[in-house]
Amino acid sequence: MDGYSPIVVKDSDEFFLLDQRKLPSEKLYLRVDTVEDVCKAIKEMVVRGAPLIGITAAFGVYLGIRDAESKDEFLNKLNKSIKCLSKTRPTAVNLFFALDYVKKTIDEFFELLPLEKLIKKTRACGFNLWEEQKAQDRAIGEFGAGFLKGKKRILTHCNTGTLATGGIGTALGIIKTMFKNGEIEIVYVDETRPYLQGARLTAFELKEEGIPYKIITDNSCGMLFRKGLVDAVIVGADRIARNGDTANKIGTYCLAAMSKRHGITFVVAAPESTIDRNIESLNEIPVEERSKDEVLKIAGIQVAPKESDALNFSFDLTDANLIDAIITEKGVYQYPYEF
Ligand code: MRU
């Protein structure tokens with residue numbers, strides 16, 4: 001398959017997910033036939049990135065209900081699918097936003113439509129979310145490029161591009177837009193241990209787009225900032241509280257704190273669906289803890305002494321007052337935030 005779309009849907013109604021664990025060395029598409037396949041793929045990081053998790057989950061619900069033979073069975077399968085998907089990754093609020101969107105759509109049409117049309121409506125939910133995300137990414141890109149005008153040396157963390165949203169990306173979408181405007185000199189890419197979303201996925205996308213980049217270790221920002229090599233840091237988000245406190249890939253908080261110390265602009269880019277208006281602050285954000293093996297091993301190879309213990313928070317929490325701007329498809333919000 002050409003390009004690197006993270007989801008491919010064939011006319012035959014077959015669904016494929018680009019296995020992001022294998023990138024960049026292999027471009028392998030995995031076929032998913034059932035909601036259980038999708039739950040497994042999300043849990044095991046075949047797909048990742050908050051918005052893409054949401055879109056994939058919406059397609060997962062469809063796979064869970066498409067064989068229903070009665071409305072009762074449809075409802076039963078719908079609830080089961082939503083339950084299974086909602087347990088996959090706790091921090092990315094876009095997952096719950098997407099599942100809610102499917103549920104609300106079905107609630108609206110359940111009495112009005114026959115079974116066959118309800119199934120079609122469910123299928124359309126994933127496509128609607130995907131299309132909306134593409135437009136949101138483009139808007140975020142434009143707002144971000146405007147806000148960051150003149151800043152040519154950017155540091156980014158994790159992967160927030162096409163592989164994380166299905167569009168041009170959020171933080172990476174801003175970088176791509178700035179590059180198109182001739183505004184990028186260099187992108188510093190945190191490798192992003194333990195999954196190496198930076199070294200593997202962001203570097204892959206930047207290479208595909210012809211954008212100049214250098215991969216740095218996750219502990220490099222202090223040195224780069226001290227040397228005056230970075231003009232701005234742009235990251236994504238998995239959940240933003242009403243007051244602007246933000247959960248994002250582990251390491252983000254350290255970047256934000258160091259940016260403040262060095263007077264470097266620190267920006268979060270995310271669609272409005274990443275804002276959780278039900279929670280006041282970072283104290284209410286659930287943070288996923290993943291397997292110790294991800295830390296003890298690198299690319300599946302044990303590097304720590306056998307039986308070592310490890311602690312693997314997948315995300316960390318950044319206080320709103322460390323974030324200069326939060327950029328969504330609606331525009332540029334600046335501290336203090338009141339979502
Ligand atoms: O564990 P991941 O790879 O799903 O974490 C991804 C991130 O932390 C991203 O920064 C975030 O989801 C935003 S993606 C546009």
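I began with the largest cavity, where α2 gives the largest share of the lining, three residues. I noted that helices (H or I, at least four residues) and strands (E, at least two) are DSSP runs, numbered from the N terminus. The model is predicted, so I kept in mind that local features need pLDDT of at least 70 and side-chain atom pairs pLDDT 80 or more, while totals for chains, interfaces and linings use all residues. Residues are numbered from 1 along each chain as its sequence is written, and side-chain values use heavy atoms, without hydrogens and water.

I wrote down that, on a 1 Å grid over the protein atoms alone, a cavity is a set of points where a 1.4 Å probe fits but cannot get out, and that lining residues have an atom within 4 Å of a point. Grid points are joined across faces, edges and corners, and a volume is the space filled by probe spheres set on the points.

I found about 190 Å³ of space in the largest cavity. Of its 22 lining residues, R48, G49, A50, N159 and D238 are the closest to the centre. Where does this cavity lie? Domain 1 (7-135) and domain 2 (139-334) both give residues to its lining, so the largest cavity lies between them; these bounds come from an automatic or database domain assignment.

I then turned to the second largest cavity, which holds about 40 Å³ and is lined by I7, F15, L17, V32, V38, T56 and F59. Here β2 (15-18) and α2 each supply at least two lining residues.

Methods:
1 Å grid on protein atoms, 1.4 Å probe; cavity = no way out; pocket = protein on both sides within 12 Å on 5 of 7 lines; lining within 4 Å.
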